[in-house]
Amino acid sequence: MIDSTPEWAALIASAEEPPDLRTLFGADPERADRFTLDVDGLTVDLSKNLIEKAVVEQLVALARIADVESRRTAMVGGAHINSTEDRAVLHTALRGQPDDGLVVDGQDISSDVAAVLAHMRDFATRVRSGDWVGHTGARIRHVVNIGIGGSDLGPYMAYRALEAFRHDDIEVSFVSNVDGAHLHQALSGATPDETLFIVASKTFTTLETLTNARSARAWLVDALGAEEAVAKHFVALSTNEEGVAAFGIDTANMFGFWDWVGGRYSVDSAIGLSLMIAIGADGFDELLAGFRSMDDHFVSAPLSANAPVLLALIGIWYRNMLAWPTHAVLPYCQLLDRFPAYLQQLDMESNGKQVRLDGSPVTYETGPIVWGEPGTNGQHAFYQLIHQGTTPVPVDFIAFAHPDFTEPDHHDALMANCFAQAEALAFGKTEGEVRSEGVPDALVAHKVFPGNRPSTTIFAERLTPFVLGQLIALYEHKVFVQGAIWGVNSFDQWGVELGKVLATTILAELDDPALPTNHDSSTTALIERYRNFRKP
């Protein structure tokens, strides 16, 4: 067990007197250079973290004793590291090259991926050009992606992030919530004969997704007056050919993926079809190239100079040795407003586990609570707690030199705030500095900032598809490394299953005249109260 190793004990001892950033920067004028990495133009500045050479060496030693390198090799090679589902974990293959020749379990993975991407490119190009038309002959101007979880969060986040690269005449909406208001919002003002629906469900049985898809189908058929219209206005991202055909979708317009593609790792698979329609096949290829850039770095760079590995190790340091429970992601880029939510699923669904791979209980903390909002909005909401709260919150700042949308003076003000917040967190303001400003004695304590609050700054020239691919892969690999060290399976999600099963049971009971007897008193009372409110 990792927490019984000498390497873990050494880090616990080091955490008793964690480094002080004022002291570290004062003693080392080259610190910023020493702790900054560059990965194909993506800068990762780790210098404002509570680390020094000795701590990094101890963290790298921990990664080695946890066998991170061998587990990384197993993952990219197609070993069944998802042991609870007996599956390979091959999201890295989704952005591989056709000539990689990756064969797993007798299947040519590289060829399979290339074939699906070619199918996607052909369809997306036809929609973008107007060659694909709806039932009445009208071109498609509105695409509605119906999915949930990874089938929604990934493409939705990326669609918002890459607004500057979208097709001028095609709007994409995303529907995930089974709350009818979500579908209503997407279809409000929509023109049926110009609308294309993409139903994203691997099994084509997902309750929320199929409920929304059936309602969308009814809306379309009612408006166009023909069942056969479904084949021209619906496509599927699925592996369930029978279910897709029964819905009325032409299976020639079904885009498949594989059981080794987890939902939260799927934006670069067929799940990204709506995104490819929005930014074009070339833009999607650039996104894949960005993923591949970070993959290559992750696989080849030594642990001590490996950006995802170091982010992961620093996270272990904060979560386990310093006992800080949360991690904030604060993009100073409005276009990344859904990126923190995307990372919530990636990290918390992957590493929110209480047992190890062998089923034994973990005896230390795993996955942090991930949260965040774009700057500068957050500065007027929760930064007070980050600066002067009782529990430090490690922060990732994400920023870009060139904005996609310019207004006079806006971007300089945005970047000034980003850099200032990182500096203020790191160095704070001492009592002496406060007094030197002439602050009355009664207010001095209120205006002291403790500082020594850690942050990482991730910086690039511009938010492009390539850079977005790099960012996503950076965090994917960070999560993988942390899961490997904690000894958990980062690629299953049994924790979401129980609620789904109970929901199916309760759904049938809501229309049953007999009051159920198989629930606790609170649930039974809520079901009864709901029924009473719903009576005509």
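User: Which residues of α4 and α13 meet?

Analyst: In this predicted model, V55, V56, L59, V60, L62 and A63 of α4 meet L310, L313, I314, I316 and W317 of α13. By class, that contact has eleven nonpolar, no polar and no charged residues.

User: How do I read the angle between α4 and α13?

Analyst: Angles of 65 to 115 degrees count as roughly perpendicular. The axes of α4 (residues 53–65) and α13 cross at roughly 100° and come within 10 Å, so α4 and α13 are roughly perpendicular to each other.

User: At what angle do α1 and α13 pack?

Analyst: Helix α1 (residues 6–14) packs with α13 (residues 307–321) at about 75°, the axes being 10 Å apart. The two helices, α1 and α13, are therefore roughly perpendicular to each other. W8, L11, I12 and S14 of α1 make the contact with W317, N320 and M321 of α13. By class, this contact of α1 with α13 has five nonpolar, two polar and no charged residues.

User: Where is A323, and is A323 buried or exposed?

Analyst: Exposed means over 50% relative accessible area. A323 is in the loop between α13 and β10 (326–331), and with a relative accessible area of 54% A323 is exposed. A323 has a positive phi of about 60°, although A323 is not a glycine.

User: What is the phi of D105?

Analyst: D105, also not a glycine, has a positive phi of about 55°. D105 lies in the loop between β3 (103–104) and β4 (107–108) and counts as exposed at 63% relative accessibility.

User: Which residues does a cis peptide bond join?

Analyst: The bond joins G375 and T376, with omega about 10°. T376 is in the loop between β11 (369–371) and α15 (383–388).

Terms used
Residues are numbered from 1 along each chain as its sequence is written. This is a predicted model: local features need pLDDT of at least 70, side-chain atom pairs count only at pLDDT 80 or more; totals for chains, interfaces and linings use all residues. Side-chain values use heavy atoms; hydrogens and water are left out. Axes are lines fitted to C-alpha atoms, for helices over the stretch in contact, and angles run from 0 to 180 degrees between N-to-C directions. Helices (H or I, at least four residues) and strands (E, at least two) are DSSP runs, numbered from the N terminus. Angles under 35 degrees count as roughly parallel, over 145 as roughly antiparallel, 65 to 115 as roughly perpendicular and the rest as oblique. Contact means heavy atoms within 4.5 Å. Ala, Val, Leu, Ile, Met, Phe, Trp, Tyr, Cys and Pro count as nonpolar, Asp, Glu, Lys and Arg as charged, and the others, Gly among them, as polar. Buried means under 20% relative accessible area, exposed over 50%, partly exposed in between (1.4 Å probe, protein chains only).
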